[in-house]
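Please keep the sequence and the model in view while reading.

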Amino acid sequence: MATLLMCAISCWNPIALTERPGLRQQLRQDQEIASEFELQNFETKTMKKFDVQTGVVLPLDRANVDTDFIIPKQFLKSIKRSGFGVNLFDEHRYLDKGEPDADNSKRPLNLDFVLNQPRYKGANVLLARENFGCGSSREHAPWALDDYGFRVLIAPSFADIFFNNCFKNGILPIVLDKKIVDELFTEVTAAEGYTLTVDLPAQTITRPDGSTISFEVDAFRKHCLLNGLDDIGLTLEDADAINGFESRWREKSPWYFNPPA
Amino acid sequence: MAGKTLYDKLWDSHLVKQRDDGTALIYIDRQLIHEVTSPQAFEGLRLTGRKPWRADANLATPDHNIPTTKSERSRGLEGIMDPVSRIQVRTLDDNCREFGILELDMNDERQGIVHVVGPEQGATLPGMTIVCGDSHTSTHGALGALAHGIGTSEVEHVMATQCLIQRKMKNMLIRVDGQLNPGVTAKDIVLAIIGNIGTAGGTGYTIEFGGEAIRSLSMEGRMTICNMAIEAGARAGLIAADQTTVDYIRGRPFAPKGEMFDKAAEAWLQLTSDNDAQFDRVVVLDAADIIPQVTWGTSPEMVAPVTGVVPDPDQEADSGRAESIRQALKYMGLKPGTAIKDIKLDVVFIGSCTNSRIEDLRAAAAVVKGRKVASTIELALVVPGSGLVKKQAEAEGLDKIFVEAGLEWREPGCSMCLAMNADQLPAGKHCASTSNRNFEGRQGFGGRTHLVSPAMAAAAAIHGHFVDVRDILLESDRAH
């Protein structure tokens, strides 16, 4: 527990860091590069803490939603972590082709697409189908979902890399039985303003009628989400173990430490 | 006690620390870096004042954004017309310089698609753990390395700690018995596998590929198979190292030399699944049953043999799957029952980390040699996977064969596989592509992708529609 507490303290603090000598200059250089495209205010991740979330549920009734669907490739050219929300589901949300520098407020909306339906405005729980997030490893997919405002994803299954990426960004992906997901789809579409309350500490989802569904979550990931932990800091607490492993491994398999010819 | 699988052995040999909650710290021997998924990771290091744990474990090259025409490439960074792409490539150069990481930059002849460059440079070795912020990192499993794609937060984590937090996956064995028929390639094997187990079939597993047909493949073919393990849902694919692997690695720049090579090779050849190893799932295919494959839909599992037809959603018992087929056919502009051979094409793309290696280019050149691209084909691109592949192909005269047939010979990069550069498939156009994903919009907004082998793509270029490449090869045999 002491280890975890230390990590929480060592988590990133933007004010302290900009005070570090040399860093300010580096930031300035980067901002100069970025300002060429008005990409101001470089950020790094600040993992949001997750506790209890209540919100409108948006049903995306489609299997195998891939990460190209979530955020098309042209938006991956950004060197930032934020600002992807307006291009979430871009190819389905708008009728034209999106470009990174476009004014999205002027683009024609696809009114048939579920995200554009007024009843789902402000949704922060996404209800999805099998194999959600398959395809590319782009973390821009969870960045886009997070930037739009989704904090919880519910599906019968997720693709592995995407699932992992969600936890690194304060998003909770929940796997539920296909039967329960089917029920939720029916309920969400039937009742306008349908909300769910997701309680991570209790690992329960509460429906509007008060009934609850319990869900599984990895203990380590749960802990990190609840505390907004930076897992690099946590790993570095094991620096001695890593160093020890590395020297044994170098001894045993020196060919992996060969510099290029 | 049951024996261990190759995956078990790779896992055990890299285990730094097992945590009580089931997660583990796994040591990473090599990280490959490209321009798209790394800027935010480097930025994270900067903002936390962290340094790479072991800078020489990293190797970078730009690939996703860079242009593939000679005129643009000859102008270096300034030749990248899209300013946002240019800044991303320049950011990689700057970051690598700042953090002391070796980069094969866009002007270096060794530059190329990161998954072509790694093995080519000998930076991918059997028994290693390898990561990259790219899902097709599974490619490197073809050399008996545990390799998988990670997100940008994990890229930063590996840079800073040389470790990854992992939970052990399950073991799957896919065995392809017997011998392939002529004209059938590694790409057809892996598409047939995905058609069989589905795009989520391998989720939660590491897939080891084995059997006579796999063992008979060249290293290039093996890389094609492992490359698409992720398209079957598996983060990592594996093929145990053998003499083919050892021969491939010998003499490559990053590979050990002399006595150390012999010692390493001896260790690598021991890295196989034990005879009594336990797999959680075993899938067996007969190579003789596999015929050239063509995808008709918007997921790699939506695949049919070239002799087949586009399916009818009304004949599909599962309502969810029927709906997926309907959505796919709508996007692809195809009618149920259409013969695969009747699908007309507008564009042909030969390239990508799946199929841009020398053997792929040879296979495509053999089909187009002495023939002409159909007049209805608007664009046919051949994009070699690296500068060294390009050089080799040119030494063999393959570039001339392509150009004489009417295909464009380009500079190395990811190109139209994901269309982050200018090489984009226009809306509504059908493309025979040797890449790995046929998702909506993948090759360009509204573009319609059909995944095939290099030989099948080349044959489609000549005919303007899909043909069974086996017929063409028979025809060539008769002519000679």
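Helices (H or I, at least four residues) and strands (E, at least two) are DSSP runs, numbered from the N terminus. Two residues are in contact if their C-beta atoms, placed from the backbone, lie within 7 Å. The model is predicted: local features need pLDDT of at least 70, side-chain atom pairs count only at pLDDT 80 or more, and totals for chains, interfaces and linings use all residues. Residues are numbered from 1 along each chain as its sequence is written, while chains are lettered from A and ligands numbered from 1 in the order in which they are written.

Helix α14 of chain B spans residues 387-395, and its buried residues are G387(B), V389(B), K390(B) and A393(B). A residue is buried if 20 or more other C-beta atoms lie within 10 Å of its own, exposed if 12 or fewer, and partly exposed in between, with C-beta atoms placed from the backbone. Seen down the axis of α14(B), these buried residues fall within an arc of 160°, so they line one face of the helix; the arc is that of the directions from the helix axis to the C-beta atoms. Just after α14(B), G397(B) has a positive phi of about 80°.

Chain B as a whole is assigned domain 1 (1-291) and domain 2 (293-479), with bounds that come from an automatic or database domain assignment. Taken over C-alpha atoms, the centres of the two domains of chain B are 24 Å apart. Contacts between them involve 42 residues of domain 1 and 43 residues of domain 2 of chain B. On the domain 1 side, α3 (70-73), α5, α7 (186-197) and α9 (219-227) of chain B each supply at least two residues. The largest share of that side, six residues, comes from α7(B).

Chain B also meets chain A: 68 residues of chain B are in contact with 61 residues of chain A. Of the side of chain B that touches chain A, the largest share, seven residues, comes from α2(B). That side divides into 27 nonpolar, 28 polar and 13 charged residues. Here Ala, Val, Leu, Ile, Met, Phe, Trp, Tyr, Cys and Pro count as nonpolar, Asp, Glu, Lys and Arg as charged, and the others, Gly among them, as polar.
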